[in-house]
Structure formats: structure tokens, C-alpha cells
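Student: I would like to learn how to read the features of a model like this one. Could we take them one at a time?

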Amino acid sequence: MISFSPPDITEAEITEVAEAMRSGWITTGPRTKKLEAGLAKFCGTKKVCCLNSATSSLELILRILGVKSGDEVITSAYTYTATCSVICHVGATPILVDVEKDSYQLNLNQVSDAITERTKVIIPVDIGGTMCDYDKLFEIVEDKKKLFRSDSSIQKVFNRIIIVSDGAHALGSTYKGLRCGEIADFTTFSLVVLKNKTRKEYTGIRSEGSKAA
């Protein structure tokens, strides 16, 4: 039998789970807040909010931003369905863009061509611990700023297309010395068994620019 994606569980994790159950907190409690604070420090950002899944996080961000029917959100055609489905959940239209040749990252030239006056958000997907070219992505957003139409108070604060990173595969990854979580306007992570933090084969994965190590 070949095991599929065994989680990295040791006695340390088992002890922590047992302690959490003994504490009486089986939902959001002190340990969740400790995790949020620890992740914020690790990622070099001010605030982290833990939800039940990266899918919920993506949808919550879109709703907070006021993304709605008639809006467009650009994302990668190479990703898990959740990245795209959350766009549909809020009533917006997903615009799928292909990846670069010999790469799993967004083709940023196609991203630029796909931007319209209805584009509110771009969701790059940092696949396998490898982050996209955020410098170029932000350059594109600035270049297309004249097309942006804000429909909510938060959108007006940005006054440009908002970058929401799907970092489900990229907790701990870096881009030009910056960690995933401190580059995009918003970043979501995942701790499901297939992801690099919880899966034995990929624990400690790290990337530099477009090259994974």
C-alpha cells in the first residue's frame, strides 16, 4: 500500500490536541489567538484571522471588499476549484488566465490583457511553495489604475485592483526576502493535510523568486 499525503504528526502535536481538549475550548479560544499572533509575527504582518478553511478566507475577503454581481475577478486556470468557486459564491464572474510556459505561475501578460473596468480583484496562486512575480503584478495593477472603479469604501482606500494571494501552498515561502503573507494586500493559507506545513514530504519548503528550493 502506498500512503497518500501522510500528515506530519508527532507526540508533540498529539499532546497539544489533548491539552486543548482538557482546556474546555473546542472552538475559537486562547490557542487560536496564540496561533494568529504567531502566524502574524512569522509572516511579518499586523493581523491574522483564523477561519475553518482557506476557502472561507477567500470568500470572506471578497465579501469584505464588496465584490459582487457584475464584477470580475482574475485568477489562475491552474488551481484547486475553491480559488474559482468563491468568486461565484459572491456573484462575481471568474476570469481564468493560463500559466506561463514551463511554469505553474500566472501568465502576467495575459493578466494585463484580461483587466477591464469591471476587474476588482486578482487572485494569484502561489503553487507548491513558489510565489509569482509580485513586482510585475503590482506594476500591471498600477498601469491599469485608470480603469479601476471603486464600489465600496474599502475599495476606495486601495483605489486600484486589489491583490488577494491564494497562499494555500506557500506558508513559509519567500519572494525577494519577503514572506508570503506580507506582499499581497490579503493572503490566505491552508493547514489541510496536502499543504506544505502539515504534509511530511514538504515540511519546510521554501522558494526564492520563481525558483523553488
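The dialogue below goes through the sheet, the helices, the cysteines, the backbone angles and the charged pairs.

Tutor: Keep in mind throughout that this is a predicted model.

Student: Let us begin with the sheet. In what order do the strands lie, and how do they pair?

Tutor: In general, strands of a sheet pair through backbone hydrogen bonds, in parallel or antiparallel fashion. Here 5 strands make an open sheet, in the order β2-β1-β3-β4-β7, and the pairing is parallel. At the edges are β2 (93-97) and β7 (186-188), each of which pairs on one side only. From one strand to the next the twist averages 25°.

Student: How many bridges join β4 to β7?

Tutor: Strand β4, residues 162-166, is joined to β7 by 3 bridges, and the two run parallel. Asp166 has Thr188 in β7 as its bridge partner.

Student: Which strands does helix α4 lie across?

Tutor: Helix α4, residues 81-89, lies across β1 (72-76), β2, β3 (119-123) and β4, and runs at about 155° to β2. Its buried residues are Ala82, Thr83, Cys84, Val86 and Ile87. These buried residues of α4 pack against α3 as well as β1, β2, β3 and β4.

Student: And which strands does α6 lie across?

Tutor: Helix α6, residues 134-143, lies across β3 and β4, at about 150° to β4.

Student: Next, the cysteines. How many disulfides are there?

Tutor: A disulfide is a covalent bond between the sulfur atoms of two cysteines. The count for this model is 0 disulfides.

Student: What should I look for in the phi angles?

Tutor: Most residues other than glycine have a negative phi. Asp102 is not a glycine, yet its phi is positive, near 60°. Asp102 lies in the loop between β2 and α5 (108-114) and is exposed, with a relative accessible area of 77%.

Student: Where is Lys176 found, and is it buried or exposed?

Tutor: Lys176 is in the loop between β5 (174-175) and β6 (178-179). At 58% relative accessibility it counts as exposed. Lys176 also has a positive phi, about 50°, although it is not a glycine.

Student: How many salt bridges does the whole structure have?

Tutor: Side chains of opposite charge can pair when their charged atoms come close. A search of the whole structure gives 13 salt bridges. One of them joins Arg22 to Glu19, with the closest N and O atoms 2.9 Å apart. Both residues lie in helix α1 (residues 11-23), 3 residues apart, or about one turn of the helix. Arg22 is exposed at 62% relative accessibility, whereas Glu19 is partly exposed at 35%.

Student: Which parts of the chain does the pair of Asp151 and Lys68 tie together?

Tutor: In this salt bridge the closest N and O atoms are 3.1 Å apart. Asp151 is in the loop between α6 and α7 (153-158) and Lys68 in the loop between α3 and β1, so the pair ties together parts 83 residues apart in sequence. Asp151 is partly exposed, at 43% relative accessibility, and Lys68 is partly exposed at 36%.

Student: What else does Asp151 pair with?

Tutor: Asp151 also meets the side chain of Lys120 in a salt bridge, at 3.2 Å from N to O. Lys120 lies in strand β3, so this pair ties together parts 31 residues apart in sequence. Lys120 is buried, with a relative accessible area of 2%. Salt bridges with shared partners join Lys68, Asp71, Lys120 and Asp151 into one network.

Student: Where does Asp71 lie, and what does its side chain reach?

Tutor: Asp71 is in the loop between α3 (54-64) and β1, and counts as buried at 3% relative accessibility. Its side chain reaches the backbone nitrogen of Lys68 at 2.8 Å. The side chain of Asp71 also makes a polar contact with that of Lys120, at 3.4 Å.

Notes:
Residues are numbered from 1 along each chain as its sequence is written. This is a predicted model: local features need pLDDT of at least 70, side-chain atom pairs count only at pLDDT 80 or more; totals for chains, interfaces and linings use all residues. Side-chain values use heavy atoms; hydrogens and water are left out. Two strands pair if DSSP finds at least two bridges between them. Helices (H or I, at least four residues) and strands (E, at least two) are DSSP runs, numbered from the N terminus. Axes are lines fitted to C-alpha atoms, for helices over the stretch in contact, and angles run from 0 to 180 degrees between N-to-C directions. Contact means heavy atoms within 4.5 Å. A disulfide is a pair of cysteine sulfur atoms within 2.5 Å. Buried means under 20% relative accessible area, exposed over 50%, partly exposed in between (1.4 Å probe, protein chains only). A polar contact is a pair of N or O atoms within 3.5 Å; within protein, one must be able to donate a hydrogen and the other to accept it, and residues adjacent in sequence count only if both atoms are side-chain atoms. A salt bridge is a side-chain nitrogen of Lys or Arg within 4 Å of a carboxyl oxygen of Asp or Glu.
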